[in-house]
Amino acid sequence: MASVSIRALDKWFGDFHAIPALDLDIEDGSFVALVGPSGCGKSTTLRMIAGLETPTAGRLMIGGRDVTDLPPRERGVAMVFQSYALYPHMTVRENLTFGLRVAGVGTAERARQALEAARLLEIEPYLDRRPAQLSGGQRQRVAIGRALVRKPDAFLFDEPLSNLDAQLRNAMRIELKKLHQRLGATIVFVTHDQVEAMTMADRIVLMRKGVIEQAGTPLDLFERPANGFVAGFIGAPAMRFFAGVAEAGPGGGTAIRLDGGETLPMGDAAAAPEPGRRVRVGIRPEDVVPRGHGLPPQRGFAFTAPVLLSEPLGNETLLIAPFGGGEVTSRMYRPKPVRVGDVLEFAVDLDRLHLFDEASELALP
Ligand code: ATP
């Protein structure tokens, strides 16, 4: 397996600067998710690693070898596409071994490798079927199997789960994670789905407009988002933001007076923003606890509000309530029935507020 190093990689499409000078290091054996909104440049980055797109400038190393000018087949990577790209007229066995045949691998060895991949992916019973005779999940496995038999230094996945239904997608997430653990393979995985990225990857690289906004472990991005964009993208349902201004609070600490009315005491944290500074306060749904429906926070800001919307999901219910001139989402574990219009008391966990500078959007320490 191999590391991938990207140095000042630049991509123009005509006069559109899709990727400006990207730097990224992907460790040997890691599972990295490139994630971000549509059009942020995830696929272009992956395709440049694969050699399917030519960078305008910059260098690319795989396993310490400069592959920038090498064609795709000499890079030691295998790509799995969203569409699976299987040959419809070939059987599963032929699909699995086509690349080996082209590379001149003998019949017996091809058969052995097809069987090994099929066993690993549990598609052995389908080796003689054609793609049209398989379910979406089975086709997906064949596409992965075809990448496996090439024994690449790195696997590149471009939204491979987006054509599967929700249940199968969950199952394949676990399969892929297990496969990664078993093979110790370097995997670069593109997805627009932050939940997929959070659950599978060791590291998330979150992009916007061709630029990396933050790279780190899923928990890093969730707990310590570098800016408002990362904070709003990671976490479902999304964090809500409220504009306000820092001021001297009662008892010497700092407080944030929200434009919508409420004043949130910040405690005496040394790093509280200086009075007068405009900020945005980010509040996650799990940090707004309805009274009697979970552990109350140690330092809570209590408010009473009518429920505007109630979304029961079985194991939890999401509630929307007016707060801070806008709306806040509250996550209720072990839910009881709540109707729209019911008036509840909520507590916002003051130790888990996220603060961002209003102008720069950067996280305040
Ligand atoms: P999605 O999740 O929608 O697939 P993405 O993050 O993978 O998006 P890319 O496909 O990498 O985004 O595209 C990045 C930007 O480059 C987009 O604005 C896209 O329109 C543009 N782009 C991609 N390929 C080309 C091309 N061949 N010609 C011109 N512009 C392109």
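User: How do I read a strand pairing here? Which residue is the bridge partner of E247 in β12?

Analyst: Strands of a sheet pair through backbone hydrogen bonds, either parallel or antiparallel. Here, A255 is the bridge partner of E247 in β12. This is a predicted model: local features need pLDDT of at least 70, side-chain atom pairs count only at pLDDT 80 or more, and totals for chains, interfaces and linings use all residues. Residues are numbered from 1 along each chain as its sequence is written. Helices (H or I, at least four residues) and strands (E, at least two) are DSSP runs, numbered from the N terminus. Two strands pair if DSSP finds at least two bridges between them.

User: How many bridges pair β11 with β12 (residues 254-258), and in which sense?

Analyst: Five bridges, antiparallel. The hairpin of β11 and β12 has five residues between the strands. In that hairpin G251 takes a positive phi near 80 degrees.

User: Over how many bridges does β11 pair with β14?

Analyst: Six, again in the antiparallel sense, with β14 covering residues 278-283.

User: How is β1 tied to β2 and to β4? How many bridges join β1 to β4?

Analyst: Five bridges join β1 to β4 (residues 57-62), and the two strands run antiparallel. On the β2 side, seven bridges join β1 (residues 4-13) to β2, also antiparallel. β1 and β2 form a hairpin with two residues between them. In that turn G14 has a positive phi of about 60 degrees.

User: Which residue other than glycine has a positive phi near 45 degrees?

Analyst: A8. Its place is in strand β1.

User: And cis peptides? Which two residues does a cis peptide bond join?

Analyst: A236 and P237, with omega about -5 degrees. P237 sits in the loop between α8 (228-233) and β11 (240-248).

User: How do I read the ligand site? Which residues surround the ligand?

Analyst: Start from the cut-off: a residue is near a molecule or strand if its C-beta atom, placed from the backbone, lies within 6 Å of it. The ligand is surrounded by F13, F16, A18, G36, S38, G39, C40, G41, K42, S43, T44 and H192. The elements giving two or more residues to this shell are β2 (16-26) and α1 (42-50). α1 gives the most, with three residues. By class, the shell has four nonpolar, seven polar and one charged residue. Ala, Val, Leu, Ile, Met, Phe, Trp, Tyr, Cys and Pro count as nonpolar, Asp, Glu, Lys and Arg as charged, and the others, Gly among them, as polar.

User: What domains does the assignment give the protein chain?

Analyst: Domain 1 (4-233) and domain 2 (240-357), with bounds from an automatic or database domain assignment. Their C-alpha centres lie 39 Å apart. Four residues from domain 1 and five from domain 2 make the contact, where two residues are in contact if their C-beta atoms, placed from the backbone, lie within 7 Å. The side of domain 1 that touches domain 2 has two nonpolar, two polar and no charged residues.

User: Which residues does the UniProt annotation "domain: ABC transporter" cover?

Analyst: Residues 4-234, according to an unreviewed entry. UniProt positions are given in the numbering used here, feature names are shortened, and annotations may be inferred rather than shown by experiment. The span of residues 4-234 is 36% helix and 26% strand, and its end C-alpha atoms lie 25 Å apart.

User: Last, confidence. What is the mean pLDDT of the protein chain?

Analyst: Where pLDDT is low, the predicted coordinates should not be read in detail. pLDDT is the predictor's confidence in each residue, from 0 to 100. The protein chain has a mean of 91, and 99% of its residues reach 70 or more. For the complex, the predictor gives an ipTM of 0.96 and a pTM of 0.90.
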